[in-house]
Structures are given as structure tokens and as C-alpha cells.
Amino acid sequence: MLVNGIDLDLEVGVSMGAAAALLVRRRIPLLVFLFTLPGLYIGYIWFAPMIALYTLAARRPGRARLVVCALLLIAAHFLPYPISDFELTAYRENTLVLIDASVTSAAPIALGLLVRTRRELASRVEDLTRSLRREDRLLADRVKTTERARLAREMHDVVAHQVSLISLQAGAVQVSTDDAEARAGARTIRELSVRTLEELRHMVGVLRADGGEAESRDLAPQPDLEELPRLIEMSALDVTYERGVVAGAGGANGAKTVERAAFRTVQEALTNIRKHAPGARVRVRVDPVDTVRAADGAHGPDGADGAEAAGEGRTAHGLRVEIRNGPPDAAAPVPGLPGGGHGLVGLRERAQSLGGTLEARRTSDGGFVVRAEFPYAAG
């Protein structure tokens, strides 16, 4: 309007139409560029076709397409409107206009290609950064694996040696003594030592394995609910075992993992009772839990409903383990066993990893209770 005035004639109309077309240049850059050419040829707007050509070069690069569009922009800029005003003999003026038109078409193409190249380089740098981070994580995992293997060797060399000595000393006592009670105790110590060595071998194998089935195929089997009576028998504690579920009752969907977690929970709880509550009476309950129907009374107190559910033949969706002990016997000697304070933390982490919960608290009578629930589906 500064050039033409405020009269709404053809020149102002095509110029305003070219400017308005820029609103959709990112969606259809080629059509918008073609639509802006009349604004340059008939009207007075230069920036609209230049911006459209820049957008085309940045978003739809193509050598043939850009060459044709550049020639069209040069023609719209070079040829006058109407075409009858073109003077072929005005060589100097025509040369200047042609150079101006060439620069007008080349500049937005160069700028658009530069921006696109910069965007692609930024994307590649980002991909490279992610790749380097992934390699760093893989390297860290490899270092962890190497360190785990080293720790496994150290643990095997130290612990296995000490446990072997315990087993040998217990065997010597079993052979040399005439006391039947002492022989029974020595036999129990030897059995516990052998069992410890077997489980140590399994854990060392897990630490040293890199996930291949071939390396884990020969590992010792992990304990489950079938091993609980033997564990309780060898615990040297006054334990009442109430069993409301049989091994494998949860089916194949995570049953072994859940039963292993239940076994470890009872094992750690009995160990803590030996350390902190010698002479205390202990009750161990293992019951099925219908976690899906917990709202309608299938999940009652102390697991009584679980036994009823098992009796009615319903499929258990989870497993509840409760270890409750009374106050310690003041006359019983405290064994003074070392403890790192990580037992209950490890049990809680194990339960959470399986989608379950673990509760550990003192009772009003001076005892302690550990209760854990594990869903079968999470295993």
C-alpha cells in the first residue's frame, strides 16, 4: 500500500493474497510458493515468494524441484507486467534486473538448505549422544559383571573354606564322641554345612553367569515350600508350623519364584529369632490368599479365610507367610551372632520386586511378627 496507495486494485489484491497464503506454508510449501508468484509478478510483494521458497527448501528439499522453483521466481521477478512492456534492447537494465532476480531466488534456497542441514546435524549429534550414553551404560554393566565375578570368586574362596572346616570338625565330633545327643548335633551341623555349600554354589553360579541357559542349567535347585519342614526341624527352635497350602498350588505362573521368596522369608525370620529372641515360641503360617476377591471377605485376618478358600477348591492368587514369635526366654543364653541389619531390608525389597508387601513389627506381648504377601501372577 505504501507503493501503490490505498486503492484496492489488482496489484494490491494479489499481494495481499500472497501474504495470506504464508499462513499455511509449513503444510503445503510448494502450493503456497506457486500461489505467491502472481503477487511478485503482478503486485509489489517480494518477501512472500522468498519466504515460501525458503520454507520449501527447508522442508521439501529436492534438486529438480528447487531448480524449477528458482527459475519461476526469476521469471516472475525479471519479466514485467504486462509482458508487452518488456524491452529486449535495454541490455544494461535487463542485466541488472536478471542479477537481482537470481540473487532473490538463490538467497532463500541457500538459507533454507543451511537451516535444514543444521537441523539434521543437530539430530545426528543427539543420536550420537544417545549412542554414547548407551555405550557408557553397557561399559558400566560390563564392569559390574566383572566385579560380580570377582566378588563371587572371593566369596567362594572365603566362605566355602570356612564352611568346609565346620563340616570337617562336625564330622570328627560325630565319629569321636559316644554321646548320642552330641552325635545328633554334629550330624545336623554337617547337614547344614553341606546345604550351605550347595546354596553357596548356586549363588556363585548366578553371580558369575551372564544369563545363558547353558551356564545355569547345572546350578543347584532352589528351595521351595517342600523344604520348609526340614528348615524348621533344623532351626533348633520351638516352632509350630501351620500349613494351609501345598507346594506348587499357584500353578506354573510364578509359583516357584513365590515359594522361593516365602522360604527365604521364613529362613531370615528364624535366623533373626535365634539372634534376638532365644527360647521364644514361634508360629509359622503359610496360607493361600485370594488377592482378587479381597474386598468381599476372601482376605480375612490371620489367613483363616485362606485355608477356607483352599478347602473350597478355589484357585489361590497369592501366598501369605506369617512368622510370629513370643518374648524371648530370659534364661536362654544369647548366642551373640553377628548381624548386618540388612535382613528385613532385603526381604522387603524381594517382596516389592514380586509385587507383594512385607510387614515387620513388634507385638504387644514383647514378641515380633513378620508378615509377607506375594501374588503369583507377578512371578
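Reply: Let me start with the patch, which is made of residues with over 30% relative accessible area and no salt bridge, where like charges are joined within 9 Å and nonpolar side chains (Val, Leu, Ile, Met, Phe, Trp, Tyr) within 5 Å. A salt bridge here is a side-chain nitrogen of Lys or Arg within 4 Å of a carboxyl oxygen of Asp or Glu, and accessible areas come from the Shrake-Rupley method with a 1.4 Å probe, counting only the protein chains shown as cover for residues. This is a predicted model, in which local features need pLDDT of at least 70 and side-chain atom pairs count only at pLDDT 80 or more, while totals for chains, interfaces and linings use all residues. Residues are numbered from 1 along each chain as its sequence is written, and side-chain values use heavy atoms, with hydrogens and water left out.

Me: Which residues form the nonpolar patch on the surface?

Reply: Leu23, Val24, Ile28, Leu30, Leu31, Leu34, Val68 and Leu72 form the patch, and together they have about 700 Å² of accessible area. Helix H2 gives the largest share, 3 residues, and H2 and H4 each supply at least two; helices (H or I, at least four residues) and strands (E, at least two) are DSSP runs, numbered from the N terminus.

Me: Why is leucine 30 called partly exposed?

Reply: Buried means under 20% relative accessible area, exposed means over 50%, and partly exposed lies in between (1.4 Å probe, protein chains only). Leucine 30, in helix H2, has 33%, so it is partly exposed.

Me: What makes the pair of tyrosine 41 and tyrosine 81 edge-to-face?

Reply: Rings of Phe, Tyr and Trp (its six-membered ring) pair if their centres lie within 6.5 Å, and planes under 30 degrees apart count as stacked, over 60 as edge-to-face and the rest as tilted. By this rule there are 2 aromatic pairs. In one of them, tyrosine 41 and tyrosine 81 are 5.6 Å apart centre to centre with 75° between the planes, which is edge-to-face. Tyrosine 41 lies in helix H2 (residues 29-41) and tyrosine 81 in the loop between helix H4 (63-78) and helix H5 (91-176), 40 residues apart.

Me: How do you know that glutamate 322 is buried?

Reply: Its relative accessibility is 1%, so glutamate 322, in strand S3 (residues 318-325), counts as buried.
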